[in-house]
Amino acid sequence: MSSAEVIPNFNSGSEQLKGDLKHPEPEHCPGPESENAGKGDACSGCANQEICESLPKGPDPDIPKIVENLANIKHKILVLSGKGGVGKSTFSTMLSWALSADENLQVGAMDLDICGPSLPHMLGCLREVIHESNSGWTPVYVADNLATMSIQFMLPDDDSAIIWRGSKKDQLIKRFLKDVDWDYLDYLIIDTPPGTSDEHISVNKYMKESGIDGALVITTPQEVALLDVRKEIDFCRKAGIKILGLVENMSGFVCPGCKGQSEIFKPTTGGGKALSEELGIKFFGSVPLDPRIGKSCDNGNSFLDDYPDSPASIAILDVVESLRDAVGDV
Ligand code: SF4
């Protein structure tokens with residue numbers, strides 16, 4: 001299959017997206033819905049200037065709709081990482097499976113990694129499609145009590161690339177928050193891209209009034225990952241997002257044969273635990289890398305169900321316990 005830029009038709013409902021501009025936004029665009037739209041430094045000479053100047057300004061009228069749509073969600077948790085490759089989406093998936101293992105809990109997993117969506121693959125629902133009804137977009141249910149939403153469900157094929165600038169991503173995130181019909185949820189797990197990018201700014205902007213419980217920050221033990229996670233923590237503090245706890249992922253290797261553990265990323269400066277102590281945040285634990293995690297995720301299965309005796313499964317359940325404790329749920 002060939003890769004191609006795809007702009008799914010998000011305007012199929014009654015609402016016309018305000019960010020649907022005639023031309024791509026230039027670099028340093030302040031955002032077509034921002035107070036500065038059409039007036040910023042980047043706007044002079046921009047082909048969208050006339051459209052942007054005419055767009056309504058002031059408080060976003062969609063914020064109350066987002067608040068209303070998320071009102072029946074008890075806990076909203078962001079999953080963040082400083083850099084890619086630390087297993088954040090894998091962890092979000094396992095966290096979602098782990099929470100939904102309690103049949104008394106209703107769990108949602110929202111994939112906000114617009115350019116690199118991976119939750120549908122890991123949750124075993126890659127080929128599903130989204131249905132739209134009067135009550136909004138119906139998420140895809142992978143179990144009676146586990147639903148998910150991702151842009152992946154809207155792409156014409158698995159390899160289609162999304163090549164969007166900030167405001168287009170911003171509009172999709174707004175619609176995910178405003179229009180997905182989650183019904184009641186105990187937990188909404190929000191998987192975000194690595195770093196501090198448009199998606200983080202958008203989700204924080206739109207969810208501030210709905211109330212985010214906080215962020216679960218994922219790192220690996222080596223210094224290069226810890227340096228980036230410091231930036232992520234700094235972002236959370238500046239944005240007013242509470243940090244629930246830090247998880248050190250891939251903090252050892254579990255041999256699937258003998259179950260012995262060895263270190264693969266040596267923590268030269270004390271790893272996630274030392275960083276948590278230094279920054280005064282909770283350390284939720286270390287999760288070793290078990291190569292069978294990849295196999296379960298590739299098959300769209302719950303690793304916790306496939307290999308409940310793995311040290312990684314036991315560590316993940318400990319993290320879930322700490323998380324539920326941190327949001328006051330146990
Ligand atoms: S798209 Fe609109 S807000 Fe962005 S730079 Fe152009 S005129 Fe300004």
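**Notes on the model**

1. Strand E9 and strand E11 (residues 283-289) run parallel and are joined by five bridges. Two strands are called paired if DSSP finds at least two bridges between them. Helices (H or I, at least four residues) and strands (E, at least two) are DSSP runs, numbered from the N terminus. Within this pair, valine 247 is opposite glycine 285 of E11.

2. The model is a predicted one: local features need pLDDT of at least 70, side-chain atom pairs count only at pLDDT 80 or more, and totals for chains, interfaces and linings use all residues. Residue numbers start from 1 along each chain as its sequence is written.

3. E9 also pairs with strand E8 (residues 214-219), in the parallel sense and over five bridges. Threonine 219 has glutamate 248 in E9 as its bridge partner. E9 itself spans residues 243-254 and is mostly covered, with 11 of its 12 residues buried. Buried here means that 20 or more other C-beta atoms lie within 10 Å of the residue's own; exposed means 12 or fewer, partly exposed is in between, and C-beta atoms are placed from the backbone.

4. The pairing of E9 with strand E10 (residues 261-262) is antiparallel and has two bridges. Phenylalanine 253 is opposite serine 262 in E10. Six residues lie between the strands of this hairpin, where lysine 259 has a positive phi near 70 degrees.

5. UniProt positions are given in the numbering used here, feature names are shortened, and annotations may be inferred rather than shown by experiment.

6. Valine 86 is in the loop between strand E1 (73-81) and H3. It counts as buried because it has 25 C-beta neighbours inside 10 Å. Apart from residues up to four places away in sequence, valine 86 touches Ser81, Ile218, Thr219, Thr220, Ala225 and Asn249; contact means C-beta atoms, placed from the backbone, within 7 Å. Glycine 87 is in the loop between E1 and H3 and is buried, with 22 C-beta neighbours inside 10 Å.

7. Helix H3 (residues 88-100) has 13 residues and reaches 18 Å from its first C-alpha to its last, close to the 18 Å expected at 1.5 Å a residue. The expected span is 1.5 Å times one less than the number of residues. Because 13 of the 13 residues of H3 are buried, the helix is largely enclosed by the rest of the structure.

8. A further "binding site" annotation from the unreviewed UniProt entry covers Cys29, Cys43, Cys46 and Cys52. They span 24 residues in sequence, but no two of their C-alpha atoms are more than 10.8 Å apart, so they gather at one spot. Cysteine 29 lies in the segment before helix H1 (49-54) and is buried, with 21 C-beta neighbours inside 10 Å. Cysteine 43 lies in the segment before H1 and is buried, with 20 other C-beta atoms within 10 Å. Leaving aside neighbours within four places in sequence, cysteine 43 is in contact with Gly38, Gln49 and Cys52.

9. The ligand is surrounded by 15 residues, the closest being Cys29, Cys43, Cys46, Asn48 and Cys52.

Conventions: A residue is near a molecule or strand if its C-beta atom, placed from the backbone, lies within 6 Å of it. Two residues are in contact if their C-beta atoms, placed from the backbone, lie within 7 Å.
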